Amino acid sequence: MAAPPAYSLVATDLDGTLLRGDDTLSDRSRAALARTVGAGAQHLVVTGRPAPRVRPLLDELGSRGLAVCGQGAQLYDAGADRLLWSVTLDPELAETALGKIEAEVGQVYAAVDQDGVDGLTLIEPGYLMPHPTLPAVRVQRRDDLWCEPISKVLLRHHALSDDELAATARDVVGSLATVTMSGPGTVELQPCGITKATGLALAAEHLGLSARRAIAFGDMPNDIPMFDWAARGVAMANAHPELKAVADEITLSNEDDGIAVVLERLFA
């Protein structure tokens with residue numbers, strides 16, 4: 001009888017981790033994930049993208065299971081096309097947080113991801129999408145961002161780096177929201193206490209799996225809570241220095257099939 005796999009749960013970020021820069025999944029990565037699932041492990045996408053922006057990729061993977069979306073604010077059931085759990089960011093708290101940030105750094109440009117399986121990404125004038133392939137709807141005024149419940153706010157600044165903007169936001173926002181940095185041009189505000197780890201833990205509970213046999217892959221500081229939760233954290237070669245500093249292992253970049261390299265070794 002074959003020995004059980006070392007890890008029963010494989011959690012992967014998407015952008016900068018599983019996906020290449022052109023938003024595609026390589027044949028090698030696809031084959032490695034199929035081998036992993038065939039060996040009895042569960043693959044979970046754990047991403048900052050909201051559920052509607054993840055659904056096409058899950059369809060491509062043939063995944064009918066769970067996915068953690070919106071930085072942990074949504075637990076999405078792909079088979080049923082519904083949210084099993086979601087938490088929203090109060091718009092008044094979001095506006096107050098934005099006001100505090102702008103009092104320190106001047107004007108920022110904001111976007112929001114609406115809650116729900118059909119939620120839109122809305123962007124205010126001046127906001128540039130960091131992922132131009134992802135659909136967004138431009139609104140006329142910031143007030144229009146709050147027309148429906150939201151899962152998070154995305155921020156950009158014309159001069160500050162992502163690290164500078166995130167650091168300032170953390171200093172002034174306090175308990176109004178959780179501040180994360182999830183990719184180039186992507187500083188975010190989400191409900192206080194919500195991280196990828198909270199969403200991943202909830203998904204694992206639904207699946208009857210534990211952190212002790214979980215391995216996680218990521219590339220940005222928003223993946224740090226996920227690494228803290230899982231038994232092993234693997235950072236990509238292109239990862240942010242903050243994530244590399246807490247990783248158990250550093251693999252090749254997302255362009256060089258870094259996840260596949262590790263999975264091929266673990267699930268040979």
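Predicted model: local features only at pLDDT ≥ 70, side-chain atom pairs only at ≥ 80, totals over all residues.

Q: How is the packing of two helices described in general, and at what angle do H4 and H5 pack?

A: Two packed helices are described by the angle between their axes and by the distance between those axes. Here, helix H4 (residues 91-105) packs against helix H5 (residues 162-173) at about 120°, and the axes lie 9 Å apart. H4 and H5 are therefore oblique to each other, since the perpendicular class covers 65 to 115 degrees and the antiparallel class begins over 145.

Q: Which residues of H4 and H5 meet?

A: From H4 come Ala 97, Lys 100, Ile 101, Glu 104 and Val 105, and they meet Leu 165, Thr 168, Ala 169, Val 172 and Val 173 of H5.

Q: Let us turn to charged pairs. How many salt bridges does the structure hold?

A: Side chains of opposite charge can pair when their charged atoms come close. The structure holds 17 salt bridges. One of them joins Lys 196 to Asp 13, with the closest N and O atoms 2.9 Å apart. That pair links distant parts of the chain, 183 residues apart: Lys 196 belongs to helix H6 (residues 196-207), while Asp 13 lies in the loop between strand S1 (9-12) and helix H1 (14-18).

Q: Are Lys 196 and Asp 13 buried or exposed?

A: Lys 196 counts as buried because its relative accessibility is 0%. Asp 13 is buried as well, with a relative accessible area of 5%; the cut-off for this class is under 20%.

Q: Which residue forms a salt bridge with Asp 81, and where are the two partners placed?

A: Asp 81 pairs with Arg 55, the closest N and O atoms being 2.8 Å apart. The partners are 26 residues apart and link distant parts of the chain, with Asp 81 in the loop between strand S4 (74-77) and strand S5 (82-86) and Arg 55 in helix H3 (residues 51-61). At 34% relative accessibility, Asp 81 counts as partly exposed.

Q: What does the salt bridge of Arg 232 and Glu 249 link?

A: The side chains of Arg 232 and Glu 249 meet at 3.2 Å, N to O. Distant parts of the chain are linked here too: Arg 232 is in strand S13 (residues 232-235) and Glu 249 in strand S14 (residues 249-250), 17 residues apart. Arg 232 is partly exposed, with a relative accessible area of 26%, whereas Glu 249 is buried at 15%.

Q: Finally, consider a loop residue. Where is Pro 149, and which residues does Pro 149 touch?

A: Pro 149 sits in the loop between strand S8 (137-138) and strand S9 (150-156). Its relative accessibility of 48% makes Pro 149 partly exposed. Leaving aside residues up to four places away in sequence, Pro 149 touches Thr 88, Gln 114 and Asp 115. From Pro 149 to Gln 114 the C-alpha separation is 5.8 Å, although the two are 35 residues apart in sequence.

Notes. Residues numbered from 1 in each chain as written. Heavy atoms only, no water. Salt bridge = Lys/Arg side-chain N within 4 Å of Asp/Glu carboxyl O. Helix = DSSP H or I, 4+ residues; strand = E, 2+ residues; numbered from the N terminus. Buried < 20%, exposed > 50% of the residue type's maximum accessible area, 1.4 Å probe, protein only. Axes fitted to C-alpha atoms, helices over the stretch in contact; angles between N-to-C directions. Parallel < 35°, antiparallel > 145°, perpendicular 65-115°, else oblique. Contact = heavy atoms within 4.5 Å.
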